[in-house]
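I opened the model to look up a few contacts, strands and confidence values. My entries follow.

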Amino acid sequence: MKKWLVAAICLISAGLAPALAWAEAGLSFEQGWVRAVPPVSTNTAGYFMLHNNTDQDRVLVGVSSGVAEVVEMHTVIEADGASTMQQLKQLVVPQQDCVLFEPGGNHIMFIGLKQPLNTGDKVTVTLTFQGGETLDVALLVQKGPQGQQDMGHGHHHHH
């Protein structure tokens, strides 16, 4: 009887490990998702909100994932009526504040997908912070932001 109890505790502990790492780092994230794209597409983007609950700025210096050849942080710059993507080498997450990775703003680019990503899949992304600390994020593959994937095109413009 004790063997199954030990095994159950180990399984529970293993499941809690990522959450403890996030708590120890003083960081948290929410609303993580990756845009579902047709199987012929080789690139997609990921989004989430990253909170810094500490009294020191944290600097995100890299992102990586096993699902793509290259994974980079990008932002969208609007100038002269045109939008262009620009790679970010680092991103400061201010103390007691958050940064948002969202469509039309900061985002994670997955370039050269190694396999099609299906709606409902989870993509693990490793965030690397200045100082070498890493944290894993699980992003859900879906057609649009949470709560909007069932709204047709997902964009409503009011004029």
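**Contacts of one leucine**

I looked up Leu-127 and left out residues up to four places away in sequence; Leu-127 touches Trp-22, Phe-48, Leu-50, Leu-60, Gly-62, Val-63, Glu-133, Thr-134, Leu-135 and Val-137. Contact means heavy atoms within 4.5 Å.

This is a predicted model, in which local features need pLDDT of at least 70, side-chain atom pairs count only at pLDDT 80 or more, and totals for chains, interfaces and linings use all residues. Residues are numbered from 1 along each chain as its sequence is written, and side-chain values use heavy atoms, with hydrogens and water left out.

**Core**

I then looked up the largest nonpolar core, which has 29 residues. Such a core is a set of buried (under 20% relative accessible area, 1.4 Å probe, protein chains only) Ala, Val, Leu, Ile, Met, Phe, Trp, Tyr and Cys residues joined through side-chain atoms within 4.5 Å. Leu-50, Ile-108, Phe-110, Val-123 and Leu-127 touch the most other members.

**Strands**

Strands are DSSP runs of E, at least two residues, and helices are runs of H or I, at least four, numbered from the N terminus. Two strands pair if DSSP finds at least two bridges between them. Strand 4 (residues 68-79) runs antiparallel to strand 8 (residues 107-113), with six bridges; here I found Val-70 opposite Ile-111. Seven bridges join strand 4 to strand 5 (residues 82-88), also antiparallel, and Thr-75 has Gln-86 as its bridge partner.

**Confidence**

Last, I checked pLDDT, the predictor's confidence in each residue, from 0 to 100. The protein's mean is 84. Among its elements, strand 8 has the highest mean (97) and helix 1 (residues 2-25) the lowest (61).

Note on methods. Buried means under 20% relative accessible area, exposed over 50%, partly exposed in between (1.4 Å probe, protein chains only).
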